[in-house]
Each structure stands twice: as structure tokens, then as C-alpha cells.
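Please read the report below alongside the sequence and the coordinates.

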Amino acid sequence: MLTTTDIHSLFTIHYSRLLAAALLPLVGGCANIGYYWQSVSGQLDIWRRERPVAEVLADPAAAPALKEKLARVLEIRAYASRELGLPDNRSYRRYADLERPFVVWNVFAAPEFSVEPLRWCLAFAGCINYRGYFERAAAEQFAAELARQGHEVYVGGVPAYSTLGWFDDPVLNTFIHYPVVEIARLVFHELAHQVAYAKDDTAFNESFATVVEQEGVRRWVARAGDARQLEEFERNRRARREFAQLVQKYRGRLEALYRTRLAPEAMRERKSTLLGALEAEYRALKAGWGGVDWYDRWFAQQPNNAQLASVGLYTQLVPAFEVLLLRERGDLGRFYAAVKELVALPKEQRDARLQALPPGGGK
């Protein structure tokens, strides 16, 4: 007799084959076919491992710590739809243990004298400024190819990603061990991608989701958290904001440097000086973060143009979206509607509208 999990597995295997058959004809070239196939295979592997959260909670063999976190995820999930207006579907109501630290590894690349990341165009998702791989070795192989072409590269592990509502995204072992506040932040962020998505505009999409996550966690902690959680949230938010501002500042300085068109050796020397100053300023800034040291690993990889670009994609338009939310008086439903109006515009008009938002959110 087939169990519910067996039926789900058979369905997803069948559906993934249909997905592969639909995707592959859309791609030209063997390299792209290989990339799409690893995407399909990776998604299939996640589906094979999924179990309803309720089933895990009822499993005597499941670790108590895992059960405790999954129970909190269900609370967070319910809050996301009930209070934040995020999609009410099966996303984050199933659990999968992938037996690895990240679900995908994203590859970012930029020329030696540019802070503009390369873009790749994909079916459904449009053009994005990174490529994701379900296997770290494959990501590093692609990064090595780009490096041989003279680009600077950055490979970053990702604990979760959104399928933009095409499929139901599960809770994963790659982030279930996070503190509860961080799990809430991640779930709110990924669900936001199901609300609004602008094709070919990574900075818009990630900045929007970042503002939803920040506002969502702020409200959730204020309602359900204790004083310690609220303090932790504020400390972490400050660290993220100041880190992003620091990186944006030096990205701007590098951009100005690259416009000078100095001889390559002189350009490299000044670039090295700026990157050294970036790290020194980070060390001084970190001292006021109360022990937050997440970004030490980021600096341990010797920052380059690709790394700086990766940060900008997630934060570049955050101030504009914060103003937009303020303009809508914190009403998330109106905020989402305004964002969807922007999505419907051509990118140039969308960018102009965001830039024209008055400071303070006034109309």
C-alpha cells in the first residue's frame, strides 16, 4: 500500500520529468542544457526528501530539538499569512533534510575593473546576476571557468531559495538550526518573492524581500518575542544595515576609481588600497555590534568586485522600499499593491519611480 509520502514522491518524480521536458527545448547549447538538468535534478532531490512537518512532529525517532524548531516554524508560517499578508499555501509546511550545509551555492562574477555583476538569462526567472548550483563542486567549477576568463568570482552558500510560487518551498535542515528570529526572517523573505517578482531585476526583487523580512520580523518580535529576542533583533538589524552601507560606500569608491581609466597596474594598486581600507573600517565598525561576527568569513575570502556586487543586489534599493512602506503608512496590503504596480512598469520607469520617492515617505 502506498503511503502519502510515496504518492507525493511518485507525483514529484513524474512532474519533474515533465518540467525537464518543458525546460530543455528552451535552452540553446549543451552547457545550458547541463545547467538546467542539474537544476531539475536538484529540485527533484529536495522533493524526494520532503515530509509533512506534522509527520515529523509525530515521529518518535525525530530529535526533540528538531521538533521544537519545526513547531515554531508552523507558528511563524501562520503569522506570515495572518498578520503580514504573505501567501497562504503549502510552502514551509513540509521538511527536508538535504544532508548538506546549504541548499545551493550561488556564483557571482564581475570584471576586474567593474562592480557591475555579470548576468545570465534563464527560462521563467528571467535574467539574474548569479547562477545557482545544487552541488558546491559544480559551482566552484563554473567559478573557475569564469576566473580563467579574467573575471573576479565569489561563491556563496545559500540556506534557502524561492521557487516564486511555482512549487511549495519546504523547511530545510540548512536553516532549521538557526535562532528562531533568523528563521522567521528567512521565511518572511522567501515568501515575499511569491508576492511580487520583477523579471530581469535582481536588485528590485531582493531589496523588496529584504524590507518585508525586516518589517515582518520587527512586528513578529514585538508581538511574540521577549525582551532578549527584541534586543537580539535590533542588534542584528543594525549590523546588517551598517555592513551594507559600508560595502555600498566602498563599491561607490571603486566605481569612481574604475571610471578614471588609469593604467592597469596603477588601477590594481589603488584598488588594493581601497579594499584594505574597507576591511580596516569593518573591524572598527564590528567592535560596536555586541559580538556579531558573521561577516568575518566574508572578509576571510579577500573581498573582490563580485563579492561587493553580491551585497549590493540585496540592499541597493532597500531605502527606497522603506520610504514606500512609510508612504503607505505601514499598511502591508497597500505596500504590496504599490510594489506590484512597479513590477508592471518597464525597468527604467520602475527605477525612476523609486528614485523619485520623497525622503520621509511624504506624498
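The report that follows takes up helices, a disulfide, cavities and some contacts.

## Basis of the model

This is a predicted model, in which local features need pLDDT of at least 70 and side-chain atom pairs count only at pLDDT 80 or more, while totals for chains, interfaces and linings use all residues. Residues are numbered from 1 along each chain as its sequence is written, and side-chain values use heavy atoms, with hydrogens and water left out.

Of the 23 residues of H8, 18 are buried, so the helix is largely enclosed by the rest of the structure; here buried means under 20% relative accessible area, exposed means over 50%, and partly exposed lies in between, with a 1.4 Å probe and protein chains only.

In helix H13 (residues 318-327), the buried residues are Val 318, Ala 320, Phe 321, Val 323, Leu 324 and Leu 325. After H13 comes Arg 329, which has a positive phi near 55°.

## The disulfide

The structure holds one disulfide, a disulfide being a pair of cysteine sulfur atoms within 2.5 Å. The bond joins Cys 121 to Cys 127, with an S to S distance of 1.9 Å, and the torsion about the S-S bond is about 95°, so the disulfide is right-handed.

## Cavities

A cavity is defined on a 1 Å grid over the protein atoms alone, as a set of points where a 1.4 Å probe fits but cannot get out, and its lining residues have an atom within 4 Å of a point. Grid points are joined across faces, edges and corners, and a volume is the space filled by probe spheres set on the points. By this rule there are two cavities of 30 Å³ or more.

The largest cavity has a volume of about 60 Å³, and its lining consists of Gln 43, Ile 46, Tyr 92, Ala 160, Tyr 161, Asp 169, Pro 170 and Leu 172. By class, that lining has six nonpolar, one polar and one charged residues. The second largest cavity holds about 40 Å³ of space and is lined by Arg 185, Glu 213, Gln 214, Val 217, Phe 233, Arg 237 and Arg 240. H8 and helix H9 (227-259) are the elements that give two or more residues to this second lining, whose residues divide into two nonpolar, one polar and four charged. For these classes, Ala, Val, Leu, Ile, Met, Phe, Trp, Tyr, Cys and Pro count as nonpolar, Asp, Glu, Lys and Arg as charged, and the others, Gly among them, as polar.

## Contacts across the sequence

Leu 66 lies in helix H4 (residues 64-84) and touches Val 56, Tyr 95 and Ile 176, not counting residues up to four places away in sequence. The C-alpha atoms of Leu 66 and His 177 are 8.0 Å apart in space, although these residues are 111 residues apart in sequence.

Ala 137, in helix H5 (residues 136-148), is exposed, with a relative accessible area of 55%. The C-alpha atoms of Ala 137 and Trp 105 are separated by 9.3 Å, the two being 32 residues apart along the chain.

Definitions and conventions:
Helix = DSSP H or I, 4+ residues; strand = E, 2+ residues; numbered from the N terminus. 1 Å grid on protein atoms, 1.4 Å probe; cavity = no way out; pocket = protein on both sides within 12 Å on 5 of 7 lines; lining within 4 Å. Contact = heavy atoms within 4.5 Å.
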